[in-house]
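Dear colleague,

Please find below the sequence and structure we discussed handing over.

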Amino acid sequence: MSSMDNSDGYWEIASRQMSIVTRSEQEKFKNAKITVIGCGGIGGETIEMLARMGVGELVLVDEDAFDLSNLNRQTLASINDLGNDKSRVAEKKVKSINPYVKVTSFCEHVDQSNIDKIIGNSNIVIDALDNILTRVIASRTAKEKRIPYVHGAIHGTMGQITVFLPNSDKTYEEMFNLPSLGKELNEKTIDALKNVTSGVPPVIGPTPNLIGCLQAIEAYKIITGLGKVTVAPKMLTFDLLDLGSFSLDEL
């Protein structure tokens with residue numbers, strides 16, 4: 001079945017959510033193009049939820065391949081896929097879930113030379129990344145193109161999510177007071193960004209998957225107009241070891 005087929009199958013897949021949105025709202029999502037940068041813990045869940053909710057087109061980006069350490073949290077990972085490119089596995093998974101979704105995958109490192117090509121004319125860019133430098137590159141490009149940028153990050157059992165709209169009061173760099181703020185991304189600035197975080201952070205399975213689900217629904221809200229978007233400088237934060245910690249803060 002081609003992803004371009006225009007049959008009743010798409011609407012049968014989406015049928016259980018059609019009492020929540022109107023057909024015209026769902027049509028907006030069906031016609032939307034979303035770029036997800038990162039197909040690991042956060043990205044894998046984001047991608048799957050977007051496919052199940054019926055997004056029209058996905059651009060999936062990741063330079064890495066699956067290994068054993070990914071199995072504790074990355075829902076796209078399996079023993080059979082060890083050594084396989086995450087972006088290619090993600091593309092195959094989307095097609096197995098919802099054949100009406102058009103998918104393009106890039107197995108390459110994201111930098112200033114290819115970010116324009118990757119984001120293209122997307123309606124939304126989703127940050128499912130694990131490093132600040134690439135976030136700065138992606139968020140800057142999204143801002144320049146006036147594309148909403150959905151940020152999500154985790155550490156251990158803690159997570160955070162916010163959305164940078166073209167008219168948001170703060171940019172990603174401003175909100176987190178990064179050393180690159182207002183500067184050219186030259187060697188010195190890039191080194192400063194790389195020094196902001198170091199080492200491999202701890203993580204337990206539910207944390208990135210919850211962030212991924214939240215990113216998917218934020219994207220759905222942006223496209224359909226449903227509900228209220230978590231717009232920066234407001235940010236949803238939580239610690240899964242303290243369920244009373246869920247809060248919407250303003251930075």
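Arginine 73 is placed in the loop that runs between strand 2 (57–61) and helix 4 (86–97). Please note that the model is a predicted one.

Although arginine 73 is buried, it forms no salt bridge. Aspartate 67 is the nearest side chain of opposite charge, and it lies 6.5 Å away; a salt bridge would require a side-chain nitrogen of Lys or Arg within 4 Å of a carboxyl oxygen of Asp or Glu. The side chain of arginine 73 does have a polar contact of 2.7 Å with the side chain of asparagine 72. Leaving aside residues up to four places away in sequence, arginine 73 touches Gly41, Val203, Gly205, Pro208 and Asn209.

Gly41 also belongs to helix 3, where it is one of the buried residues. Helix 3 comprises 13 residues (41–53) and reaches 19 Å from its first C-alpha to its last, close to the 18 Å expected at 1.5 Å a residue. The helix is mostly covered, with 11 of its 13 residues buried; among them are Ile42, Glu45, Glu48, Leu50 and Met53. Just after helix 3, glycine 54 adopts a positive phi of about 95°.

Methionine 49 is also in helix 3. Its relative accessible area is 24%, so methionine 49 is classed as partly exposed. Residues up to four places away in sequence being left out, methionine 49 touches Cys213 and Ala216. Between methionine 49 and valine 136 there are 25 Å in space, C-alpha to C-alpha, and the two are 87 residues apart in sequence.

With kind regards

Key: Residues numbered from 1 in each chain as written. Predicted model: local features only at pLDDT ≥ 70, side-chain atom pairs only at ≥ 80, totals over all residues. Heavy atoms only, no water. Helix = DSSP H or I, 4+ residues; strand = E, 2+ residues; numbered from the N terminus. Expected span 1.5 Å × (residues − 1). Buried < 20%, exposed > 50% of the residue type's maximum accessible area, 1.4 Å probe, protein only. Lys, Arg positive; Asp, Glu negative; His and termini not counted. Polar contact = N/O pair within 3.5 Å; in protein donor to acceptor, adjacent residues only side chain to side chain. Contact = heavy atoms within 4.5 Å.
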